[in-house]
Amino acid sequence: MKTIVLVDASPRQGGNSEIVVDTLAEALAGGEVTVFKMREKDCRFCRACAACQGKETQMCVQRDDITALLPVIDQCDAIVMATPIYNQQITAQAKLFIERWYPFFNREKKNWSNTSRQGKKAALVCSFWGSPKDIVKKYADWTVSGFSQIGAEETRTLIFDHIPGRGEIRSRPGYMAQLRELARWLAE
């Protein structure tokens, strides 16, 4: 049974990122799925205090919902983050989430990561309206490459462009098919 973490990094309830996460959670219902909707959680920024460095397990001195999720990220088989693109970048929430992976950083280990599980799959799903698709694709590919810090070795990006409003992704059969294919890949 696969353990998969799905992260909704949108500040907007009922938006396309939430639909992405909920669709994947439904498609992956046979596995152990953790859905983490940042807007509903206590998510504090990394203080760069370095108290987490040099430890064999992932810990953080902060007591928030991301700290509680670190052991799940460490042990998971896959992680997917869904985020809108604002001004050709992932949201502040998505950046905050990635920065909280500092406890995984160890330059002495494979991929500079002290995760206990290498070989994870990771995906970044981006939805947006007006940014140039080729620029967003390069940026998304570069961003997901950094998921190696949590042990990701296989990565994918999905770029859903020209989505004008809340929940519009549902009206795009091609995008929904790509989500179903992503779920199949994650479950393999």
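How many nonpolar, polar and charged residues does the lining of the largest cavity have? The legends below take up this question and related ones.

This is a predicted model, in which local features need pLDDT of at least 70, side-chain atom pairs count only at pLDDT 80 or more, and totals for chains, interfaces and linings use all residues. Residues are numbered from 1 along each chain as its sequence is written, and side-chain values use heavy atoms, with hydrogens and water left out.

View 1. On a 1 Å grid over the protein atoms alone, a cavity is a set of points where a 1.4 Å probe fits but cannot get out, and lining residues have an atom within 4 Å of a point. One cavity of 30 Å³ or more is found in a search of the whole structure. Of its 14 lining residues, Cys46, Cys49, Cys52, Cys60 and Tyr102 lie nearest its centre. The lining has 10 nonpolar, one polar and three charged residues. Here Ala, Val, Leu, Ile, Met, Phe, Trp, Tyr, Cys and Pro count as nonpolar, Asp, Glu, Lys and Arg as charged, and the others, Gly among them, as polar.

**View 2. The largest pocket.** A pocket is an open set of grid points with protein on both sides within 12 Å along at least five of seven lines. The largest pocket has a volume of about 200 Å³. Among its 15 lining residues, Arg12, Asn16, Pro84, Tyr86 and Ser127 lie nearest the centre. Strand S3 (78-86) and helix H1 (16-27) each supply at least two lining residues; S3 gives the most, with three. Helices (H or I, at least four residues) and strands (E, at least two) are DSSP runs, numbered from the N terminus.

**View 3. The largest nonpolar core.** Such a core is a set of buried Ala, Val, Leu, Ile, Met, Phe, Trp, Tyr and Cys residues joined through side-chain atoms within 4.5 Å, where buried means under 20% relative accessible area (1.4 Å probe, protein chains only). Of the 33 residues in the largest core, Met38, Ile79 and Phe97 touch the most other members. Residues up to four places away in sequence not being counted, Met38 touches Val7, Asp8, Ala9, Cys43, Ile66, Gln93, Leu96 and Phe97, contact meaning heavy atoms within 4.5 Å. A second, separate core of 24 residues includes Leu24, Tyr175, Ala183 and Trp185.

Notes
Points joined across faces, edges and corners; volume = space filled by probe spheres on them. Buried < 20%, exposed > 50% of the residue type's maximum accessible area, 1.4 Å probe, protein only.
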